Amino acid sequence: MKKKKMHLLQYMMPPVTHHSSATWKHPRNMTMTNAFQWNRPEIWQEVAQIAERGKLDAVFFADTEGIYSEYENSYKSAVRYASQVPCYEPSVLMAFMGAVTKHIGLTMTFSVAGYPPYILARKLATLDHLSRGRVGWNVVTAFHKNASENLGLSVEQYHLSHDQRYDRLEEYMEVCYKLWDSWEPDAIVMDAENNIFADPEKVHPINHEGKWFKCKGPLNIDRSPQGRPVILQAGQSSRGIQFAAKHAELIFTLQPDREAMNVYYNRLKEGAVKAGRDPDDVRVCFGLQVFVGETEEIARAKAALHNSLVPAEAGVTILSGHLGYDLSKHGLDELIADLKVPGIQGMIDAYKHSSSKNITIREAGMLHGRGVMTPQLVGSPEQVADWMEETMKEVGGDGFLLSPAYLPGSLEEFVELVVPILQKRGLARTEYVENGTLRDNLKALNA
């Protein structure tokens with residue numbers, strides 16, 4: 001029986017911290033060296049080149065338009081601990097990375113509240129053209145309080161009920177799809193003899209008028225290599241999973257253990273079937289923070305060093321931001337299980353149920369600061385490869401989103417030590433599709 005290959009992607013939230021609050025302090029991180037600095041393009045270009053050398057599917061950027069200000073009702077703690085701030089605009093970084101690579105996918109996050117549909121459709125089509133079809137869009141509906149304040153959005157304008165946000169999102173996607181399809185594939189004819197650059201009969205207005213959006217069209221950019229970008233999503237709620245099952249080609253999820261991975265995977269695949277899609281076209285990738293060394297002892301020393309660099313308050317700061325709730329109202333030594341906070345779902349429950357003991361807010365903050373619920377995998381190259389293979393078999397997942405403890409070292413170690421083992425076992429890509437798009441490479445992996 002032919003083995004199923006893993007989709008592998010590299011997660012980042014530039015520039016100085018990602019899922020880990022310790023990244024910027026780590027002695028092997030780019031911020032601590034003279035060779036590369038986080039605010040220079042060369043480091044991000046090298047990250048993309050390393051990922052391409054390892055034949056990963058894509059690099060991925062998370063994003064937000066603000067600074068977490070939930071903790072103590074202030075942004076100061078987030079700034080102090082670099083809690084996903086500074087945060088550079090992802091499409092600019094992707095342009096630099098795409099310029100020095102040929103195959104690696106360039107996937108990034110844009111909130112539908114941050115851009116009108118026309119502007120975002122145009123931006124993504126441009127990037128898809130200039131990268132020769134390597135762009136993916138991670139669709140998000142919500143962001144935190146400070147981001148909405150920065151964009152001048154009132155509660156009535158954006159912080160709608162959960163279902164209303166997804167109703168708005170469905171129409172947003174409809175407008176984008178119409179715009180990307182407003183140029184037929186053969187609209188450009190380049191007929192110099194008859195003075196026809198493009199056939200106007202093959203370029204169409206969309207004349208969209210809905211509840212949330214109004215857009216005449218057509219897009220002022222010709223059809224891009226993929227037609228539309230690869231759609232990514234990370235829905236966790238029932239409505240979010242429903243949306244992902246309908247629209248997404250790649251789904252990211254942070255689950256604390258195999259049991260939770262299996263539950264999510266099955267829900268998503270069942271949702272895809274209900275949406276009338278082939279479940280194999282909806283790929284679920286689990287977040288994973290890898291510490292690998294030539295021996296298990298070396299790997300464990302790496303993990304211990306990283307974990308020791310996480311301040312509890314830094315983790316509680318970002319946990320407050322992710323929950324949209326100020327945990328400073330509680331003592332750090334209060335038990336997570338005792339929290340009675342309206343509206344908090346998922347994340348708090350995961351910390352309640354994933355620990356062997358009833359942990360405190362401080363301990364939950366430490367875990368969150370290490371990797372935002374991303375499981376840590378620590379071991380020799382063979383042990384890491386074994387765990388990944390066993391997890392795919394047990395859970396039925398499609399691959400992994402690699403979360404760095406430090407860059408570019410974490411990725412480079414994985415590519416040099418683990419990828420060759422996965423390739424030898426027939427579990428990882430050995431070549432890209434020649435002249436293929438991101439979508440081509442996703443589809444070809446297990447064709």
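In which loop is the place of Met373? Met373 sits in the loop between α12 and β12.

## Basis of the values

This is a predicted model, in which local features need pLDDT of at least 70 and side-chain atom pairs count only at pLDDT 80 or more, while totals for chains, interfaces and linings use all residues. Residues are numbered from 1 along each chain as its sequence is written, and side-chain values use heavy atoms, with hydrogens and water left out.

Helices (H or I, at least four residues) and strands (E, at least two) are DSSP runs, numbered from the N terminus. Buried stands for under 20% relative accessible area, exposed for over 50%, and partly exposed for values in between (1.4 Å probe, protein chains only).

## Backbone exceptions

Most residues other than glycine have a negative phi, and most peptide bonds are trans. Met373 has a positive phi, near 70°; this residue is buried, with a relative accessible area of 14%. Glu72 is not a glycine either, and its phi is positive at about 60°. Glu72 belongs to the loop between β2 and α2 and is partly exposed, its relative accessible area being 47%.

Pro14 and Pro15 are joined by a cis peptide bond with omega about 10°; Pro15 lies in the loop between β1 and α1 (41-53). Another cis peptide bond links Val85 to Pro86, with omega about 0°. Pro86 is in the loop between α2 (76-80) and α3 (90-99).

## Nonpolar cores

A nonpolar core is a set of buried Ala, Val, Leu, Ile, Met, Phe, Trp, Tyr and Cys residues joined through side-chain atoms within 4.5 Å. The largest one has 81 residues, and Trp137, Met388, Phe414 and Leu422 have the most contacts inside it. Helix α6 (residues 162-180) supplies the largest share of this core, 9 residues. Another core, of 14 residues, lies apart from it and includes Tyr11, Phe60, Leu232 and Leu442.

The 13 residues of α9 (residues 296-308) should span 18 Å at 1.5 Å a residue, and the end C-alpha atoms are 18 Å apart, which agrees; the expected span is 1.5 Å times one less than the number of residues. Buried in α9 are Ala299, Lys302, Ala303, His306 and Asn307. Seen down the axis, these buried residues fall within an arc of 125°, so they line one face of α9; the arc is that of the directions from the helix axis to the C-beta atoms. They pack against β11 (283-292), α12 (361-371), β12 (376-379) and α14 (409-424), where contact means heavy atoms within 4.5 Å. Glu297 and Ser308 are exposed on the other side of α9.

In α13 (residues 381-395), the buried residues include Val384, Met388 and Met392. Gly396, with a positive phi near 85°, follows α13.

## Strand β2

In β2 (residues 58-61), Ala58 and Phe60 are buried on one side and Val59 and Phe61 on the other, so that both faces are covered. In a regular strand the side chains alternate between the two faces of the sheet.

Strands pair if DSSP finds at least two bridges between them. β2 is parallel to β1, over 4 bridges, with Ala58 as the bridge partner of Leu9. β2 also runs parallel to β3 (residues 105-111), joined by 4 bridges; here Ala58 stands opposite Gly105.
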